[in-house]
Structure formats: C-alpha cells, structure tokens
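Hi everyone, thanks for coming. I'd like to walk you through a structure that may be new to you, so please have a look at it first.

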Amino acid sequence: MTRIACLLTMNEPAGNEPAGNEPAGNEPARPALLQVALAHSPRVEDAGAGRIYLDASGLEGLFGDEPHLAARLRDAAAAVGVKIRVGIAESRIAALAAARLGRGVTIVEPGGDAAYLAPAPLSLLDLPEETATRLSRWGLRTLGELAALPTAGLFERLGGDGVRLQRLARGEDPRPLVSWRPVPLFEESAAFEWGIETLEPVVERLRELAARVCARLGAAGLAADGFEWTCRLGDGRVHEGALTPAVPITDADSVGGLLRLALEARPPRGVVEALTFRARPVRLAPAQESLTDRSRPAPRLLTATLNRLVALVGADAIGAPALLDTHRPDAVALAGYSSEPSAPRRDSRPPIPLKGVSQHPPSPLGGEGRVRGDTLALRRLRPAAPASVTMASGRPVAVRSARLAGRIVAGVGPWRVSGEWWSPRPWLQDEWRLEGIYD
C-alpha cells in the first residue's frame, strides 16, 4: 500500500493570528526543505510552490508510525527555519488536502482518501479559469460533487480532461512519484592572465568552451535548448549574454555560429579577463534512423531557417497542426513545433485512411453512384466549399457549387451534431450522406 506525505510551506502568522492556509512558496526555503525530505525518504518529488511529496511507505522501522514520522518532518523543517504542515494519505491530492486544510499534522486513514476529499473545495485542483467557471455554472462546489457525476456525461462535455479531474477528485493518483534529482550543471570556464582586448579571440575562446559543453551533453544523451555566457571584465564589470536556438542542439559548429552572431551584435565593452559558458540541458526521446525515409536537415540549417521564419512571421505563427479535444469537425490548432521524429509503425496493419484523400469504398447506400465515368469517389473538402442546395419536402434534391452541379439520386439523413453548448461558441449542424449524378 502506497502512502504519500505532503510537506507544505505556510505563510507566517501575523501577531496572534493563526497561520494562513495558503502555501508561502518561499523559494529560498526550497533547498532546505528538499534536504529534510531526502533525509527521511529515498523517493522525493518537488512539486513547486512550496510543496514537496515523499514516499512514506515502509518507514515505520526507522521513524515509527505515521504520526511520529509527520511530527519528525515538521520538527526537522522548523530546525532549518521552515514552517510547514504535513499531510499523509494514499494519493498526492489527498495528502495535499490534508496538509492545506488540516492543522499542523493530518493523517488520512488507509482507504479513506475519497471520503476525506468529498467536502474539499474544487479550488484544491488548481483548475484553469475557464474550467473553474464552467464547473461553477453547473453548480459544483466540492470534489465530492465532481466525483459523483456520471463519467460518460463528463467526458462528453469536458473530454479527457474532465475524466482526469474526476479521478483526482476520487483520490486516484494518475502516476507514481517522480523522484527528484539534482539538475546537472553543464558549465565550462576559462581565465586569461593578460586579458583579451579584441572580439575575435573572445569568440574563439567561447567556441572552445561551447565545444567542451556540447561534448559533455552528447556523452550524457542530452541536448541544450538555451546557452548563457558571462564575461568578467578588467574594471570589475560583468558582461552577460544568452541565446535560445530554435531546436535543442548539441552540434558545436552550430552553437559556435550562433555565438559569433550574438557577440557581434552585442560585444563586451572592455578587457575580458575570464569567461564562463553554460548550457540548459533537456532530454530528447531517442529515435531510430530509417533507411527509407529522407534524411533530416542539419541542426545548423534548421536552426537558421526557423530563426528567419520567426523574424518574418513571429514565433506564434510557427508550429504543427494538432487536433483539439472536441467533437467539433475539423477542429485544429497550431501547437508548438517539435523536432522529434514520429515513432515508426510497429505493426503490419494497413494505415487508417486520412480524410480528404480520395478512396473507392463500396456505396454506403447500396446503389451504384456515378461520378464522371461511373467511378465512385469520396473527397472531403477542407475548408468546406460553399454550395447551394435545393430542398423538396425537406430533403435535398439538387446541389450546385463552383466545383460541381447535379441532382441527388439517393440520400440518408439528416444527422444533427452539436457540442460545446456550455461555451461562448456553441456549434450545431445537420449532416447528410448523398449520392448524385453530376455534370
């Protein structure tokens, strides 16, 4: 049975007032609180905002039962100057509720997470403003009311995010604890006894430092999505710079080219006595190169091209189309660009036909459709082409548009589809499936 403890830093009380129920989010206290948690459990998750979770399972032999463990954690935090509340439960959300709503130390009995969460307010879930407003319009105020809703109906109205929120309201953890690890520091420095007065040697020294950092990144299986450098000048001043490549890279030549451009645009004003270069590491998913796919462009060329596009149209206008979590037909948005290649297909099943590509299936109406030479074809137009439809007795009999014109010989429908009626932009439409003879 999993037991999770939540350590929550609290606001200091003013005078004789009780301590507030909101987390302080004291960033200077974070390292000290992490050390307290790591001294009691090998699995610790840093959730930010003055909140830390740790695995409290199986610690009875070391620190006693859960009340003794919680008191020990609180006292250890107080010894390093951090005031906290402690909650212990089977899930993160219940442990957070116990720490935030309780006083000092609160223990939720095993198997009692759902019952403990039932009277808790919805604000405990840190909902987006739009979702919180929608649930408020539905008359929901507590986690118990959200947990009691029919799951199928909630999915129809909120999609997968609604089901996720309901599982949290029921005290179900979506994933195990993410163990905290210290952030690796990829940094190289160099000092110069006589100082450097011109720009070109500074660029060359930074390129050498960047090559070392990139080699360390590559050996660790990482890339960098940001670089920073610091130049200590002879008069005591410090010159700093930074660059963000369009895609995470480890190619030293690419980084060197970007460094040259950045330093030429903003050079250090003075004699440089020391340099420090550091990278912000990120982990990219490994990908198997294919012998049949076209080779990808070099990181240097791709970075330069994307930077030029950003300068022309803006960062918000570059990305990849992504389907929205809605039943609205053809609902897409522009998502952030990802440089990771798509995963290869692992089975031999034929791919699912894409909408908008001509196919030749059997007629769904059981008859023979005739479109230019008795060939049945289906094509989805995106965006939809405007057309004029002639109706007789409530049924379409002819259609005319800039692309085609003809009479309808068979049809089924209509199917009324609608959605998002609770939002400012509801949609409703009737769909028909028709066969016709076109000119």
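Predicted model: local features only at pLDDT ≥ 70, side-chain atom pairs only at ≥ 80, totals over all residues.

Residues are numbered from 1 along each chain as its sequence is written, and side-chain values use heavy atoms, with hydrogens and water left out.

So, the overview. The protein has twelve helices and 15 strands. Both are DSSP runs, numbered from the N terminus: helices are H or I with at least four residues, strands are E with at least two. Of its 439 residues, 32% are buried. Buried means under 20% relative accessible area, exposed means over 50%, and partly exposed is in between, with a 1.4 Å probe and protein chains only. The accessible surface is about 27000 Å², and carbon and sulfur atoms own 54% of that; the areas come from the Shrake-Rupley method with a 1.4 Å probe, and for residues only the protein chains shown count as cover.

What about contacts, meaning heavy atoms within 4.5 Å? Among those with a separation of 6 or more, 59% are between residues 24 or more positions apart.

Two strands pair if DSSP finds at least two bridges between them.

How many residues of strand 4 (residues 84–89) are buried? The count is six of six. On one side these are Ile-84, Val-86 and Ile-88, and on the other Arg-85, Gly-87 and Ala-89.

Strand 1 (residues 4–9) runs antiparallel to strand 4, with six bridges joining them. Along that pairing, Thr-9 has Ile-84 as its bridge partner, and Ala-5 is opposite Ile-88. With strand 5 (residues 105–107), strand 4 runs parallel, and three bridges join the two. There, Gly-87 is opposite Thr-106. To get from strand 4 to strand 5, the chain passes through helix 4 (residues 92–101), a β-α-β crossover that is left-handed. For reference, a crossover is right-handed if, with the strands pointing away from the viewer, the path from the first strand over the helix to the second runs clockwise.

Four strands form an open, antiparallel sheet in the order 6-9-7-8. Its edges are strand 6 (186–196) and strand 8 (238–243), each pairing on one side only. Here too we have a twist figure, averaging 15° from one strand to the next. Seven bridges join strand 6 to strand 9 (residues 272–282), and Glu-187 is opposite Arg-278. Helix 10 (residues 199–219) packs on the sheet, touching strand 6, strand 7 (223–233) and strand 9, and its direction makes about 160° with that of strand 6. Helix 11 (residues 252–265) lies across strands 7, 8 and 9, at about 45° to strand 7.

Finally, some single residues. Cys-6 is buried because its relative accessibility is 0%.

Most residues other than glycine have a negative phi, and most peptide bonds are trans. Against that background, Asp-126 has a positive phi of about 55°, in the loop between helix 5 (113–117) and helix 6 (129–137). Glu-420 also has a positive phi of about 55°, in the loop between strand 14 and strand 15 (427–438). And Gly-413 and Pro-414 are joined by a cis peptide bond, with omega about 5°; Pro-414 is in strand 14 (residues 405–419).

Note on methods
Contact = heavy atoms within 4.5 Å. Axes fitted to C-alpha atoms, helices over the stretch in contact; angles between N-to-C directions.
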